[in-house]
Amino acid sequence: MGSFSIWHWLIVLVIVMLVFGTKKLRNVGQDLGGAVKGFKDGMKEASGDAAQPAASVAPQSTQQVSGQTIDVEVKEKTKG
């Protein structure tokens, strides 16, 4: 009674597909995969930045606006 058999999981999977639809489940899977990939890339960048000395890190763009320095980092945003 403690564990489910393969038939129980197949029935649950069919019910979930009927409720949400395959397109919505595919979109959720793509979003989750993209989030995991972004997290891994961020972790690699963070560990790579910690290993490099400060002089070898590429400088970020800066702008001088009425005596104040503003650091700017540009990232592309794509429509999904």
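The paragraphs below lead through the structure from its overall plan to its surface.

The protein has a mean pLDDT of 78, with 70% of its residues at 70 or more. Confidence is highest in helix H1, at a mean of 91, and lowest in strand E1 (residues 61-65), at a mean of 52. Where pLDDT is low, the predicted coordinates should not be read in detail.

In secondary structure, the protein contains two helices and two strands. Their order along the sequence is α-α-β-β.

The geometry of H1 can be checked against expectation. H1 has 15 residues, and at 1.5 Å a residue these should span 21 Å; the end C-alpha atoms of H1 are 21 Å apart, so the two values agree. After H1 comes Gly21, which has a positive phi, near 85°.

The protein has 80 residues, of which 0% count as buried. Its accessible surface amounts to about 7900 Å², and carbon and sulfur atoms account for 62% of that area.

Part of this surface is a nonpolar patch formed by Ile6, Trp7, Leu10, Ile11, Leu13, Ile15, Met17, Val19, Phe20 and Leu25, which together have about 1000 Å² of accessible area.

Aromatic contacts complete the description. The count comes to one aromatic pair. The pair consists of Phe4 and Trp9, whose ring centres are 5.4 Å apart; their planes stand at 75°, and the pair is therefore edge-to-face. Planes over 60 degrees apart are placed in that class. Phe4 has a relative accessible area of 55%, and so is exposed, the cut-off for that term being over 50%.

Technical notes. Residues are numbered from 1 along each chain as its sequence is written. This is a predicted model: local features need pLDDT of at least 70, side-chain atom pairs count only at pLDDT 80 or more; totals for chains, interfaces and linings use all residues. Side-chain values use heavy atoms; hydrogens and water are left out. Patches are made of residues with over 30% relative accessible area and no salt bridge: like charges are joined within 9 Å, nonpolar side chains (Val, Leu, Ile, Met, Phe, Trp, Tyr) within 5 Å. Accessible areas come from the Shrake-Rupley method with a 1.4 Å probe; for residues, only the protein chains shown count as cover. A salt bridge is a side-chain nitrogen of Lys or Arg within 4 Å of a carboxyl oxygen of Asp or Glu. pLDDT is the predictor's confidence in each residue, from 0 to 100. Helices (H or I, at least four residues) and strands (E, at least two) are DSSP runs, numbered from the N terminus. Rings of Phe, Tyr and Trp (its six-membered ring) pair if their centres lie within 6.5 Å; planes under 30 degrees apart count as stacked, over 60 as edge-to-face and the rest as tilted. Buried means under 20% relative accessible area, exposed over 50%, partly exposed in between (1.4 Å probe, protein chains only). The expected span of a helix is 1.5 Å times one less than its number of residues.
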